[in-house]
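Subject: Structure for your files

Hello,

Below is the structure I said I would pass on. My notes on it follow.

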Amino acid sequence: MDHIEGQVALQATISRSGSIETLHVVKGPPSLRGAAIDAVRHWRYRPYTADGQAVKVATMVYVDFTLRPPPAMAH
């Protein structure tokens, strides 16, 4: 485990059904990019609508990786 924190920015195209159609890394630590893509690829969105019709949209997705401190020891 690398113990790296950071944010990965992804450009995503969401289909009319709400699934991820395309996904590209815009920026972020190289060692976190694969994990971000693997996670977001499985996400499902509520379809975006315009004038009552589902539409394909392009959006930015930000995935934050943070390390949590270990639990405090009780004395």
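Predicted model: local features only at pLDDT ≥ 70, side-chain atom pairs only at ≥ 80, totals over all residues.

A salt bridge here is a side-chain nitrogen of Lys or Arg within 4 Å of a carboxyl oxygen of Asp or Glu.

Residues are numbered from 1 along each chain as its sequence is written, and side-chain values use heavy atoms, with hydrogens and water left out.

Overall layout

The protein has 1 helix and 5 strands (DSSP runs numbered from the N terminus: helices are H or I with at least four residues, strands E with at least two). From the N terminus on, the order of elements is β-β-α-β-β-β. The radius of gyration (over C-alpha atoms) is 16 Å, well over the 11 Å that the globule rule (2.2 Å times the number of residues to the power 0.38) gives for 75 residues, so the protein is more spread out than a compact globule. Along the principal axes, the C-alpha atoms fill a box of roughly 60 × 30 × 15 Å. Of the 75 residues, 25% count as buried (under 20% relative accessible area; exposed is over 50%, partly exposed in between, with a 1.4 Å probe and protein chains only). Of the contacts (heavy atoms within 4.5 Å) with a separation of 6 or more, 60% come from residues 24 or more positions apart.

Sheet and helix

Three strands form an open sheet in the order β2-β1-β5, with antiparallel pairing (two strands pair if DSSP finds at least two bridges between them). Its edge strands are β2 (20-27) and β5 (57-65), each pairing on one side only. Neighbouring strands of this sheet are turned by 30° against each other on average, direction ignored (axes are lines fitted to C-alpha atoms, for helices over the stretch in contact, and angles run from 0 to 180 degrees between N-to-C directions). Between β1 (residues 6-14) and β2 there are 6 bridges, and Gln11 stands opposite His24 in β2.

Helix α1 (residues 30-40) lies across β1, β2 and β5, at about 40° to β1. Its buried residues are Leu32, Ala36, Ile37 and Val40. Seen down the axis of α1, they fall within an arc of 140° (taken from the directions from the helix axis to the C-beta atoms), so they line one face of the helix. These buried residues pack against β1, β2 and β5.

Individual residues

Tyr62 lies in strand β5 and is partly exposed, at 46% relative accessibility. Leaving out residues up to four places away in sequence, Tyr62 touches Gln7, Val8 and Ala9.

One of the salt bridges joins Lys56 and Glu21, with the closest N and O atoms 3.1 Å apart. Lys56 is in the loop between β4 (53-55) and β5 and Glu21 is in strand β2, so the pair ties together parts that are 35 residues apart in sequence. Glu21 is partly exposed, at 43% relative accessible area. In the salt bridge between Arg41 and Asp38, the closest N and O atoms are 3.6 Å apart. Arg41 is partly exposed, at 46%, and Asp38 is partly exposed, at 46%.

Asp51, in the loop between β3 (48-50) and β4, has a positive phi, near 55°, in a residue other than glycine. Asp51 is exposed, with a relative accessible area of 82%.

Regards
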